[in-house]
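Work through the exercises below with the model open. Try each task before reading its solution.

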Amino acid sequence: MGRAFVYVILGGGVAAGYAALEFTKKGVSPGELCIISEESVAPYERPALSKGFLLPEAPARLPSFHTCVGLNEERLTTKWYNEHGIELVLGTRVKSVDVKRKTLLTATGETISYKILVVATGARALKLEEFGVNVLEAENVCYLRDLADASKLVNVMQSCVGGNAVVIGGGYIGMECAASLVINKINVTMVFPEDHCMPRLFTTKIADYYEDYYKGKGVKFVKGTVLTSFEFDSSGKVTAVNLKDGTRVPADLVVVGIGIRPNTSLFEGQLSIEKGGIKVNGKMQASNSSVYAVGDVAAFPVKLFGEIRRLEHVDSARRTARHAVNAIVEPEKTDDFDYLPFFYSRVFGLSWQFYGDNAGEIVHFGDYSGKSFGAYWVKDGLLVGSFLEGGNKEEYEALAKATRLKPSVENLTDLENKGLSFSVEICQKSLPSSPIVGVKNSTDIVQKPLHVWHATAGVIFAASVAGFAYWYGRRRRRW
């Protein structure tokens, strides 16, 4: 027994929801599209899990953060999928895929065939056992990748208010979970092997700012070492964490955020793999023409830098999903994906955004003792990356546009002195030559005539901390 569809989306994360919405916009008929997901709920916005979902007051709960509310689009509940004739096959694991025969075999033995497959399998959280640490299925050791993980973490948090939490890892998950734990009145110690937090993106100077801010909230840092073992009580709960440097840290809760690994196992030996993901072209099309890959699992060409990248961020998931659907339904009208890498985070009262590539020489600017500062990355005499904390809508837009234009930088000292005004000047001088891919609202850069940039320049220069606070307070989402 089996079913057949024109289009099958494998995976039920962020990318799946945005792809589904784009399919409906392109006029896909009822009964043509199917989404297969191991999770038991319709696709949702994963950023909510490390932010709004963990808050002690008015926490985010489904259906409030189903896709595609992350870009102020429709909220796609199960009812929405039913109304649009989209088959949701939830709580279902696919055990094998035959790319040549265009079939998938589920764990229940059902065969599902397709004409076009969109792989949106995302990535899985790396587990401590993979690094030789025995967890013994302790109920107070938590990860955060899906809704089940988040629900478990909330339950454990609620049982140890006033207690001690150890966060293993200093990346996105570690930093965002640590902030949420503090808000839940839990004492936090962060442990990671690097010299500073967010080592894949932050410079030492940027990291020092955030670490000092976290310390002001009571967070302790143990850096340059790793977890070696746990101590357990008679019920199997972790009571302490032992580190390689000999430190013992008491723990009522352990949150592990040590990275992710793309879910490519179903396609290894069948599709080209690069950078740990499924290699695709500018149409998000894999080495087999009937397969497209999007989101964390896709390794795609970034035209701006002329190389293949695999990007682990929600913005990339949203954008690659939509582009793939456009390429599938209207290939003759769809150019190669032209993406400006973008990352952001919001913790406590802080909010930063990064664009481009963190390669080359670093130029810091702004007031690192205040609330608004940033950095540029300059490679081969060109601006290739930019970072800003505490900006407003217009400032982020100017930063993104300038980064995409890759202007030449003749003097690093002048760049440091000009700071944000450098990006504003670039925007004033240059008309965008092509649509710019970014994020809606504070991060979406659209084509604007020159007089608009002139008109907003004064606003940008006059922006102040008070202005930012007003905008941020009104506009920011809880997650």
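Predicted model: local features only at pLDDT ≥ 70, side-chain atom pairs only at ≥ 80, totals over all residues.

Residues are numbered from 1 along each chain as its sequence is written, and side-chain values use heavy atoms, without hydrogens and water.

**Exercise 1. Describe the chain as a whole.**

Step 1: The chain has 11 helices and 26 strands. These are DSSP runs (helices H or I, at least four residues; strands E, at least two), numbered from the N terminus.
Step 2: Of its 479 residues, 56% count as buried, meaning under 20% relative accessible area with a 1.4 Å probe, protein chains only.

**Exercise 2. Describe how helices α1 and α6 pack.**

Step 1: Get the geometry. Helix α1 (residues 14-25) packs on helix α6 (residues 314-329) at about 35°, with the axes 8 Å apart. Axes are lines fitted to C-alpha atoms over the stretch in contact; angles run from 0 to 180 degrees between N-to-C directions.
Step 2: List the contact (heavy atoms within 4.5 Å). From α1 it includes Y18, L21 and F23; from α6 it includes A317, R318 and V325.
Step 3: Sort by class. The contact has 12 nonpolar, one polar and four charged residues. Ala, Val, Leu, Ile, Met, Phe, Trp, Tyr, Cys and Pro count as nonpolar; Asp, Glu, Lys and Arg as charged; the others, Gly among them, as polar.

**Exercise 3. Trace the open sheet of four strands.**

Step 1: The order is β17-β18-β20-β21, with mixed pairing. Pairing requires at least two DSSP bridges between two strands.
Step 2: Find the edges. They are β17 (273-274) and β21 (307-309).
Step 3: Check β18 (residues 277-279) against β20 (residues 298-302). They run parallel, joined by two bridges. I278 stands opposite A298 in β20.

Technical notes: Buried < 20%, exposed > 50% of the residue type's maximum accessible area, 1.4 Å probe, protein only.
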